[in-house]
Amino acid sequence: MPAYDADAVAALAEEQVTRQDRVLPPAFWGRTIAEVLADRPRLSQLPTPLMTLSAPGVRHNIETLARWCAQHGVEHAPHGKTTMAPALWAQQLDAGAWAITLANVFHLGIARQFGVRRVLIANAVVSPLQLRWVADELARDPEFEVMVWADSVRTVEIMEAARSAYVDADARPLDVMVELGGLGGRTGARDLETAEAIARAISESSTLRLVGLAGYEGAVGHGVEETGLAEVRAFLREMAALHERLRKLYDPGVVPIVTAGGSEYFELVAEVLGPLAPDARVVVRSGAYISHDDGLYRRVSPLGESPRTDGEQLVAAMHGWMRITSQPEPGLAIFDAGRRDFPVDQDMPEPQLIRPRSADAQVLPATGMTVTKLNDQHGYLQFGDAEVLIGDELRLGLSHPCTAFDKWGLIPLIDDPDAADPVVVDLIRTYF
């Protein structure tokens, strides 16, 4: 059974671009994506502000983590909420991803639109309306698999009540994983006894099936110094202990899923939980790796600038582009991008290069420049003694993919972000 609907993904190329697709100028409006790409447009033909993805960078990152997971005996269910881009999910699934992880039922609806066959929802679903829709999808498509989380008996009771009043006695059960958390963390049961009680409630319900346990170690870790890593290892050991306690509750034939691992500590998941395989399916859920970045994940990823595991390093594959529009004071330039365009929740954008100012000029490094502040749609560049001119177009390194992709409904995929005038090789549609 295919992991997704390849025809639905291919059909994205037949969508028309409109004035709402701000990455393209008016000359392209009304044309299909395929027609735009047939002309091999260049970066110089696109307006600023702009966010792009590097085609070789994305490919490298997908292949690198797929290879790393295979070598370390863990499965991968990348967090699709990072990109909300079915075309990128397809590349991840083609590279061997076991499932796509999403955050809510709206996301699940997009996954169903593109035929994604196996989905983890890294959250509890307690809306009766949404539970009924999920039940309808399970009934409509016998190949569709979805797993949700529960961190309280009350959650189990809500799911059971909503489903038992709606589905037939012989309907497929909803697969549920117990979520374990940590003190000061996010969601998740705070101790093994509570988690075991939740698992027992799931196993005793008439319309639910216990299929494993989940956790998010990123909510309990505090950095990548040894103290922070030790906190994560301790939490993962708690997950392993819970796995042992739940063995007796699974239906015959169920290979339990044990899943953790965002983009910051996936090497520790393989270290601590990996030995549970093959009696359990150990799944990491890294999502930000697909674009990596020039900030947060460059610092903290196990395959970042200070690697903590074997394998090739990830590369920054997303960039912002902006244009200088004003120089109101000495050493200060204002540019045409702000918080509505680029993420600032972790780090300010990083000036990296200046595109050629004329046809015979070269790409220049953006040395000595610093972005100091972003308003909604303006940015502040301190440039000191560097030469900056009104009209200059600069490339920025960005930090934190999870708050970058959601700002763009269409993202150009370019062949070489270091080139003087990169070629657009694809246009990636997102669904936020």
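By right-handed I mean that, with the strands pointing away from you, the path from the first strand over the helix to the second goes clockwise.

Quick housekeeping. This is a predicted model, so local features need pLDDT of at least 70 and side-chain atom pairs count only at pLDDT 80 or more, while totals for chains, interfaces and linings use all residues. Residues are numbered from 1 along each chain as its sequence is written, and side-chain values use heavy atoms, with hydrogens and water left out.

Back to β4, residues 118-121. What does β4 pair with on the β5 side, and how? β4 and β5 (residues 145-150) run parallel, joined by 3 bridges; for pairing, DSSP has to find at least two bridges between the strands. Arg-118 has Glu-145 as its bridge partner in β5. Strand β3 (residues 100-102) also pairs with β4, again in the parallel sense, over 3 bridges, and there Thr-101 is partnered with Leu-120. Getting from β3 to β4, the chain passes through helix α5 (residues 105-113), and that crossover is right-handed.

Now the side chains. In a regular strand they alternate between the two faces of the sheet. In β4, Arg-118 and Leu-120 point one way, Val-119 and Ile-121 the other, and all are buried, meaning under 20% relative accessible area; exposed is over 50%, partly exposed in between, with a 1.4 Å probe and protein chains only.

On to salt bridges: a side-chain nitrogen of Lys or Arg within 4 Å of a carboxyl oxygen of Asp or Glu. How many are there in the whole structure? The search finds 33. One of them joins Asp-21 and Arg-429, at 2.7 Å N to O. Asp-21 sits in the loop between α1 and α2, Arg-429 in strand β18, and they are 408 residues apart. Both are buried.

Glu-145 turns up again here, in a salt bridge with Arg-117 whose closest N and O atoms are 3.3 Å apart. Glu-145 is in β5 and Arg-117 in the loop between α5 and β4, so this pair ties together parts 28 residues apart in sequence. Glu-145 counts as partly exposed, at 25% relative accessibility, whereas Arg-117, at 17%, counts as buried.

Notes:
Helices (H or I, at least four residues) and strands (E, at least two) are DSSP runs, numbered from the N terminus.
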